[in-house]
Amino acid sequence: PTPLMAGKKGLIMGVANDRSIAWGIAKACRAQGAELAFTYLGEALEKRVRPLAQEAGSNIVLPCDVADEASIDATFDAIKKEWGKLDFVVHAIGFSDKDELRGRYADTSLQNFLNTMHISVFSFTSVARRAADMMPDGGSLLTLTYYGAERVMPHYNVMGVAKAALEASVRYLAVDLGRQNIRVNSLSAGPMKTLAASGIGDFRYILKWNEYNSPLKRNVTLDDVGGSGLYLLSDLASGVTGECHHVDSGYHVVGMKAVDAPDI
Ligand code: NAD
């Protein structure tokens, strides 16, 4: 049988290291024959991303700071030169000042609110518009979100507000781009030990809580998010758009602490 992603070209944004969610999805797409390009933020991360790109058979490794519109333009110009077209994009990017990922949401500063929204929400819209211009045959766009968009989670604060806006923008983009046969979805991952997560207060407690109280009684892995990401990016999900797909061991259906959950 032909691999699921044979002949598809995809841009992977948000790999920082081999624990990044973007890397999990990239590996799954590569295993099904996708051709990949990668972006990285800053020279320090370039050193980590280059060898991973190579492992994924890619020599397209581009700097991109999504806080800078000119930088996003440069990335898409480079992709246009290399490939001419694009079939899918993974946007696995989020940022907030870690001093505000603890304490009260009520104390969020204006500057960090705007910066968090810029990098974690607007950047997806900005990327989607440029990607759509390079998808004459349709395509699939995927971003990463968290249950803290839907329910209040300790310390998630302004990031929860940003993820709620991100999920809403997925629905608006799905309508705007649907007539071009471009699908837009989000994957709501359970807590995972990544660089970004290390900024969140009491993260080990959150991991344990999810492990003890989710239906599957475990945390999700890079392979879990990789498989579900692959599905949403591939033609298997050809009828799916505007969706928020939970990959969280089922945690989002649970109403209260399991009676047999150990103390943390
Ligand atoms: P990560 O640290 O591996 O990835 C975050 C990426 O965002 C990094 O590659 C970083 O370079 C990039 N980034 C930050 N600011 C940027 C900017 N201005 N321009 C370009 N890139 C920038 O962590 P991760 O957990 O894999 O995060 C990926 C996505 O998954 C994020 O949106 C995060 O909110 C989301 N998510 C994470 C979890 C979790 O528990 N780890 C759960 C649900 C959703």
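Two strands are taken as paired if DSSP finds at least two bridges between them, and helices (H or I, at least four residues) and strands (E, at least two) are DSSP runs numbered from the N terminus. The model is predicted, with local features needing pLDDT of at least 70 and side-chain atom pairs counting only at pLDDT 80 or more, while totals for chains, interfaces and linings use all residues. Residues are numbered from 1 along each chain as its sequence is written.

Seven strands form an open sheet in the order 3-2-1-4-5-6-7, with parallel pairing. At its edges lie strand 3 (61–63) and strand 7 (244–247), each of which pairs on one side only. Within the sheet, strand 5 (residues 139–145) and strand 6 (residues 182–189) are joined in the parallel sense over seven bridges, and Leu142 stands opposite Asn185 in strand 6.

The UniProt annotation "active site", from an unreviewed entry, covers Tyr146 and Tyr156; UniProt positions are given in the numbering used here, feature names are shortened, and annotations may be inferred rather than shown by experiment. Tyr146 is located in the loop between strand 5 and helix 5 (157–178), and Tyr156 is likewise placed in the loop between strand 5 and helix 5. A residue is buried if 20 or more other C-beta atoms, placed from the backbone, lie within 10 Å of its own, exposed if 12 or fewer, and partly exposed in between. Tyr146 is therefore buried, because 26 other C-beta atoms lie within 10 Å, and Tyr156 counts as buried because it has 23 C-beta neighbours inside 10 Å.
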